[in-house]
Every structure is written in structure tokens, then in C-alpha cells.
Amino acid sequence: MSDQGATTPTPSAPPAPPAGRPPKVGSRGRASGPTDSDNFEAADIPELEFFAAPGPRGYPPLTEFLDIWDVDMMRGRGETNKTDHRTSLYHCDNLIVRRGQEFQIKITFSRAYKPNEDKFAVEFVIGANPQYSKGTYIPVFPTKTRQSSWEGRVIQTNDNVVIMGVTPAANCIVGKYHMYVAVQTPFGIRRTKRDNSRDLYILFNPWAADDAVFLDDEAERQECVMNELGIIYHGAYDDVSERNWNYGQFNFGVLDACLYIMDRSEMPITNRGDPIKVTRKASAMLNSRDDDGVLVGNWSGDYTYGVAPTSWTGSTDILLSYFRSKMPVCYAQCWVYAAVFNSFLRCLGIPSRVVTNYYSAHDNDGNLKLDIILDDNGRIDRNRTKDSVWNYHCWNECYMTRPDLPTGFGGWQVVDATPQETSDGMYRCGPASVLAIKHGQICFPFDAPFVFAEVNSDVVFYSRKKDGTMETVKVKKSHVGRMVLTKAAGSDGRRDIIDQYKFPEGSPEERTVLEKAEEFGCKQEKSSPPEADVDVVLPTLEISVGDDFEFNVEFVNQSLQKRTVEAYVSGSVVYYTGVSSNEFLFKTPTVTVPAQKSVKELMMIESRNYLNHLVEQANLNFIVTGKIKETGRIVSAMKVVTLHTPKLTVEVSGGGRVNEEMMATVQFTNPFSFNLENVYLRMEGPGVMELKSRYYSLLPGGSSLTWTEMFTPQRPGKTRVMATLDCSGLRQVSGQASITVET
């Protein structure tokens, strides 16, 4: 055969893949269908389901058999279901109940129900592919002889009306179910039509002893599940500040938004009854670092394309924005992550609280040491010092059993949505048993070593010689994890729970715990360099933004001989994460201290030196280091001064009764000589006022603003209207007014 006319193919490169992210690969070829992970996708359930193929004349009429005329979910706010299940506060038209506890439905049939002849079931379906074996299709029967994983019983019959009690299993899937009533006839099953008004939500139940989130303390349940008003602590260890927050877990749309978060994470519906899996998945989804989650973190100070973290007043706007836009919300820092996570947990029925750890270690080396490098003269080498101590850090605790751990390690668990370190490849943290952290059992999942280091790390000062060698010169064992604060149950007071995280500093129990942690790979500083015989004492100050102030450094000589200290005094504007922004003070005094005497070195701090460099939360960090000439020992002291910002004045006037109009007035005076530009105000109040906002393009120095809003309380009780003011020149300005609303 001749090759004449044949064409030689020209080699070419394969086509390039499309730009952007690679396409998602489905389950085709490895599973019979996709994983059921969408709570809002409904299965197509037939109204008529015949047992056999039709005969020559078709299916027989079913008119002579029992039919369903009406189904009443008994979902009114004052009806027994919502009151017994403590869900009356949810702004939702559908029935909301808690698992492991009976609720009632009223079924009206076409004739009187005959238990010996009629067969019916109430069917609950969740997800797009319901299966009995997966717990996503649950038929509930009214007779004791035939029961499923959910219990059913006839409570009352009256002619053709039957009131049926249904008790969901205490470990059932949490989410939104569709409900049908099905009647069995000799020829097939007849069901009610799909009706959105019969959908119901099932939540975790901390009141049910068989539920994994059972909390046997009514005061804590009221605080950690039912309370919408939060107080989040910030500031400094010796100058604690409070931030009010509206968790808004009962607000309209919030429950659907929380379920959407789990859908967005593609969490299998079958896993959503396990609080361990739910909280671990949510800790990843509350931040946007690797999964387009709820909140974008930003610590830069530039919030041009979103809302400044210090401006938020509550979680509702954040959750609903994410639900509506399907896009991450800008911006958040640790307390915003913790507050929104708290709303998520309480909304689903998991007891939770926000806690604040003062002097929280962020260790870049994975050990129990925060390394501060000094040069040969005792001055901090900022280029080589990479570890940081956050002035404070907020995370969450949630309450649950831990069947995956040895007995005794259930109870409060740490979960943290702030993206700091990856865990199993994603930015998330927890749940980690608080009791395991206290006892050094950091081998237990999840992320216990990281949390252990946040409250137990030592601050280690190294002297770097000119040849590059390092010598440990000072160890501060009690600086990190000074205090862990949370709101006290049933009051506006605060509670220090540091004793739940660690034993007293220097106690035999603490040494045992550190030795245990070291067995699991957490290395601690073993060296104990001799203590210097000169102490450095820094003052505790309460200073407002814009103030000039005196800063006295006191050198106390404990020895019987004269001491000369060659000191370095540094003052920097810092972020609350401990990261330095600008240094505004640097002095190198040489101080001579007589034996057993003290000497004060006075420094005057003028506002013009720091004011233009302030970042949000207005923190000044003073560090004093130095070397004693006679002994070569290193002295050091650190102090964070949080500058106080001016307050908003919030006043409420009016009737103070449900459905009676009231007025809230916000007032603020610019105390500075310079103008404040692009000023944003926000205001809201649980149960009384939805989020309101106002914008002022310019607020000249010395001038005032007054903002008035009308609102109508929707329910009785004690609540609060809270407001914030925010602009690039002044952040973290807030105010609130308490209200008692009567019926």
C-alpha cells in the first residue's frame, strides 16, 4: 500500500487547564450518589404509594379508607410545644423543638380514628435522599407494639381528632425536617401533601439527660443557651474593659443562617447530631481562610472594604449577610469570631460562652516558650523576636460529653474560630477538653497542645552574644495566662475561671502537669538563671486618648550593696496581638540605686508623640530591660497601658411597655482639636430594636452630634440598647442603656 498523500501529524502541547480554581470533582464512579449535605434540599415524597401495579381498570379509589383532613403543628408562640421546649423566643413561624423531649401534633381525620383497624404513621424527613438506616427518614407510630428510634403515642382522641406525642431520639440529627402523615390502606399508602408550614426544626437539648449537651445547672442553661445579651472582656489584665454584644440567636433568619453554614461546609447531614463534629466543623467555617466561611479576619487597621471589627454591635447582621450574599463578611478579630460562634452554638442549643484569656501566648515554635531575644547590652532585638503575647484573646467554651475520650473529660470544651494555626489542614481549633488541658493530657483530640500553650507558656529572655550564641538570662513563668474571664451566670458581673485551666503557679500539681505535658512533646524551659537583685516596677495607669502623662519607672535594690543599672526604656504603639506598630519612646538611662533603696526614673509622655500612630484599641506597650553593671544580671518589666476612649451617651425614653413606641437618643462630643471623618454609628437592642445605622461625613473638633431613633419593644423583660461609633481616627467608642419592658 502506498504512503503517497499521507500527512504526518504535528506534535502539539495538551490544552491548558482553565484559569482559576480547579473544578470540583463529584462522587461519580466511587459512590452511587452525592453525599447528602444540604438541609434545604427536599426529597420528592409521593402522596400516593401503591403496593402493586394497577389492574386493567387502574388503581381503586381510596375514598372509603381513613383520610387526613388537617394537621396542626401546635406551633403558636404561647402553645405548649414552644413553651415546654423553651423555643418561644425564636422569631420563626415553624415549630421548633428540642430532641429527646416529647412534642405534640393534632391530626384531624375524615372520621373517628379506630386504633384496632386504622394504621397511620407520622413521617419525618431531612435532606434530599432520606433513608431509614441513615436516620434521615423516621416513621413514628402511635402504638406501643410498633416503634422506631423516635417514640410515638396517642395522647388524646376526640371524635375524629387525635393528639399525638412524638419524642425525637436524644441523639437524632439536628436541623430542619419535613413532616408527613401517612395512612396505610390495603392497596397502598396515602400521605399529606408537601406543606412548608408543617416543617419543623429540631435542636440540641441541654435539658434532656440523654442528650450529649445535657447541662445539669439551670442557672448556666439560662445564661449559656437562653441569654442574648453578652459581655465580652478586653483591655488589659490590670485594666479590664467590657464590650456589650447582642448574640441575637432567636432573631428572624438566624437559625436558617446557622443551618446554611453547615450546608456550605458540605457537612454530611448524618453527622449533624454529634456536637463534637458540629463544633469542629463550625470552628473552621466561622473564618474564611480556607473554605469561604463567615468572617474575613483583618488586623491591619484598614477596613475600607468592610465594617471595622470594633464597629459591630451584634451577630445578627453578620449571619444574615452571609446567608443572603453567600460571601464572607468583612471584617473580624478574635472577639467577633467568638461572639458570632457563640450565637451559632446557642441558636442550635449547645451551651456556650465567650471567654477572654489575658496575656495569651501565640508561640511560633510549637513549644511552651515565648522567646524574647536581647542583644549583649540587654536591649530587645526586635528583628529576631518573632513570638508574641496577645494582650488578650477570646475563644469559646461549649458543654458536651466526650465519648471519644476517657471518662471524666467531658464538660466544657474549648473551640476557637480565630484563624491562628491549621489543624488537620484547616484553620480551626477544638473541641479541646478544658479538664484535659488543666491536667496536661494534651494527647487528647482536638488541638489541646495549642490551647495548653496559650495559658501555660513561659516568657524566656535570651542574651545573644556577638558570636551568635544564645544564653538564657531570665524566665518569667507567671506572665502568660494571668486570668480567664467570662460573664457570670445570671448577672452582669464577671467570673475568673483560670483555675479551670491550670493549677496555681508554683504548686506541686502545676509541676506534675508540666512534666505530663512534656511527655507528649511540649518542651518547657529547664534552665533557672539566678534572679537579679534589682526589681523593676512599672506603674498602673488609667489614661484617656489624647492625654499627656507621667510614666515612672521604679528600680528597687534588694541587695546590701549599691547597684548600677544600664537600662533601656521602650514605649511602642501596639496592636492587641502584641505586634508593635510604632516606637514613640526610647531612652537609655543609667540608674544608680543605693543598697536596699529605690529610685524612680521619671518620663513625661506627650500625646503628640503617640496620637498620630495609634491603632485600634489604643494600646501602648512599655518594655524596660537592662543589665546590672556589678553582677551582669538582666532586669526586665513589661506593661500594657490601654488608653480609654470617650464614651457615647445613650438615653432611652418612652412608655417601656410591649408594643408602645419608645425613643433612643445617642450623643457624642468630639473631644479632640482635630476633625473626625467618615464616622459610622450603629445601634441595636435584643427584643426591642433591630440594627440601625447612621453616617456622618465630618465631625469637627469640639462639636457634638445627636442621633435619635424610634423603636417598639416586642417582648417584656430586661434588655439593653447598645451603640458604637467608629472612624479611622477613633475606634472602640461605645455606650449602652438598660431597659425594663413591661407587658
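## Basis of the model

The model is predicted: local features need pLDDT of at least 70, side-chain atom pairs count only at pLDDT 80 or more, and totals for chains, interfaces and linings use all residues. Residues are numbered from 1 along each chain as its sequence is written, and side-chain values use heavy atoms, with hydrogens and water left out.

## Overall build

The protein has 10 helices and 41 strands; helices (H or I, at least four residues) and strands (E, at least two) are DSSP runs numbered from the N terminus. Taken along the principal axes, the C-alpha atoms fill a box of roughly 115 × 100 × 70 Å.

Of the 743 residues, 54% are buried, a term that means under 20% relative accessible area, computed with a 1.4 Å probe and protein chains only. Contact means heavy atoms within 4.5 Å. Among contacts between residues at least 6 apart in sequence, 68% join residues at least 24 apart.

## Helix 3 and helix 6

Two packed helices are described by the angle between their axes and the distance between the axes. The axes of helix 3 (residues 254–264) and helix 6 (residues 334–348) come within 10 Å and cross at roughly 105°. Helix 3 is therefore roughly perpendicular to helix 6, the word used for angles of 65 to 115 degrees. These axes are lines fitted to C-alpha atoms over the stretch in contact, and angles run from 0 to 180 degrees between N-to-C directions.

On the helix 3 side, Val-254, Leu-255, Cys-258, Leu-259, Ile-261 and Met-262 take part, and they meet Phe-344, Cys-347 and Leu-348 in helix 6. By class, this contact has nine nonpolar residues, no polar and no charged ones; Ala, Val, Leu, Ile, Met, Phe, Trp, Tyr, Cys and Pro count as nonpolar, Asp, Glu, Lys and Arg as charged, and the others, Gly among them, as polar.

Thr-313 is found in the loop between strand 14 (295–297) and helix 5 (316–325). Leaving aside residues up to four places away in sequence, Thr-313 touches several residues, including Asn-244, Trp-245, Arg-682 and Glu-684.

Met-683 and Ala-338 are 345 residues apart in sequence and 20 Å apart in space, C-alpha to C-alpha.

Note on methods
Angles under 35 degrees count as roughly parallel, over 145 as roughly antiparallel, 65 to 115 as roughly perpendicular and the rest as oblique. Buried means under 20% relative accessible area, exposed over 50%, partly exposed in between (1.4 Å probe, protein chains only).
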